[in-house]
Amino acid sequence: MSLPMAQYLVLFAGAALLLPTAWGYQEEMRYPCAFIDTANITGSFGTDGSYVHNWTVIPRNLVAAYDFVIENGIRVPAAKHLRGCVCKLKPCVRFCCPEGEIYDLERRQCLTPSIDHQPPPGQTHFEVQMLNGSLKELELRSRFSIYVDTPCGHMKPVTKGSEYVHWTLHENGTIAHRGHIFSKHYCYTPLLLHNASSSSFSWDWQPLVCAPEKLHFVLGVREWTYAICLLISIISMVIVLVVYLMCSEMRNSFYGVAIKAYTICLIIGYALLGYLTLHNPATLSKAACRIIPSLTLMYLVLSFYILSFVSFKLYLSFHGVVFTKLMFWLIFTPIVLIAIGWSFFVGFSHYGSRLVFGGDTCWFDPRNWSIMVYLFAPVFVACAISGFFYILSLIYISEQPEIETEKSFESIEKNRFKSFWKYFGYTALVWLVCVCSFAFNYYRGERSLHNYAVCFCMAFHGFAALYALIGKNQQIQNFLRRIDNDEDTCENSVPLSSF
């Protein structure tokens, strides 16, 4: 296997993440009722195959083992447990808070109302519309199953314009207003409403519906600036890749192969990152919204572990260890496989109650710390590994006696060492700015992963690659001088009129 195959291994690593889409998804098992109509009956005793929960007998055909729960309208994996369809046997009524408390719409929690107002109404009796159309004040527990909980973290009332609607609870458990059926994901709370005719306030039972907090897509000046800076960095990396491909000394060396693989990773990773920045997640399919960010994560993480590999290679070079093709592939291949496995794991993982990829945004959600866990943490580990070998290399160099003339091999390795660590220092600085900018935005409540500092640092990253990997590398500079001299010779030898 030849050394240039490293670039192809990096390119084809992305194809491995596309395989799960060909497998398809296992068909979900059928449940006897919707999750919202169930109750956790784990630990309830049974008689003749039935279960008893809150003095209600639940037959076996209305009981199933669930391996998930619904949190904020999102299906979240959970330990397998028994749930019974209680609401199929007895209509359910859901209250947001215990009796004597109300749901505060601004604070999104249950609070005791102030003493300035009359106490809220009790939950024991409720006005219910019977099947014949008449309204009766009924005791709820004799006719309904009572639950006290908020189905979502953010609840809101359903209004018509700015006016509240009078929803009616029916005998079968449904809530309706003029033929419009209310969602099952609700909970009742008393709200203090102003009566314009009498200029007074009175309590009114209002059902609240789940209001999942959406992250709206924004494509403004900052996003376009970020994409343009990524493009500048991509162009710079392409220049580095082309120069290293043209330079014969670098093209066939392990160091050159690693740098070329690194630039390929950044070119693809930054290109995908720019694509995600400029495209609305709503226009992407669910599969694309998980595969594209997984590929982006893989290439970005892999790029840092390639830098760790280079730092390890430079450390061994000072000790006179000669790399063979077998050693190269035994180290490089597991690095690629680890990056593939990590991105595959993240692509199917949840952070809290949300998927890491595939929710409101196709990249990391700026409302939580998922990017710190799944991107910045492995990057920090890679930087720590590189820093460890950098310190060991410095210790080795400091212990060597200074001589006027060094062997060419040693001078080349020291020059590679200096130019590489110049670039690594710039790279670490760029990503440190990314981490600090995210933390700054998070604590300020801004729903964005980057700001203008990150934008300009992305462009700086490309210029740093040109400066350190080309401008400060002796072999590359000698190669460019030879090209320049050849061009000068051709210009001096061939008259212009011959053309």
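User: What does the accessible surface of the protein come to, and what share of it belongs to carbon and sulfur atoms?

Analyst: Happy to start there: this is a predicted model, where local features need pLDDT of at least 70, side-chain atom pairs count only at pLDDT 80 or more, and totals for chains, interfaces and linings use all residues. Residues are numbered from 1 along each chain as its sequence is written, and side-chain values use heavy atoms, with hydrogens and water left out. Accessible areas come from the Shrake-Rupley method with a 1.4 Å probe, and for residues only the protein chains shown count as cover. The surface comes to about 26,400 Å², and the share of carbon and sulfur atoms is 60%.

User: How much of the protein counts as buried?

Analyst: Buried means under 20% relative accessible area, exposed over 50%, and partly exposed in between (1.4 Å probe, protein chains only). Of the 499 residues, the part that counts as buried is 45%.

User: Which strands stand at the edges of the open five-stranded sheet?

Analyst: Strands here are DSSP runs (E, at least two residues; helices are H or I, at least four), numbered from the N terminus, and two strands pair if DSSP finds at least two bridges between them. The sheet has mixed pairing and the order E11-E10-E16-E17-E18. Two strands have a single partner strand each, so one side of each is left without a neighbour in the sheet: E11 (135-139) and E18 (180-181).
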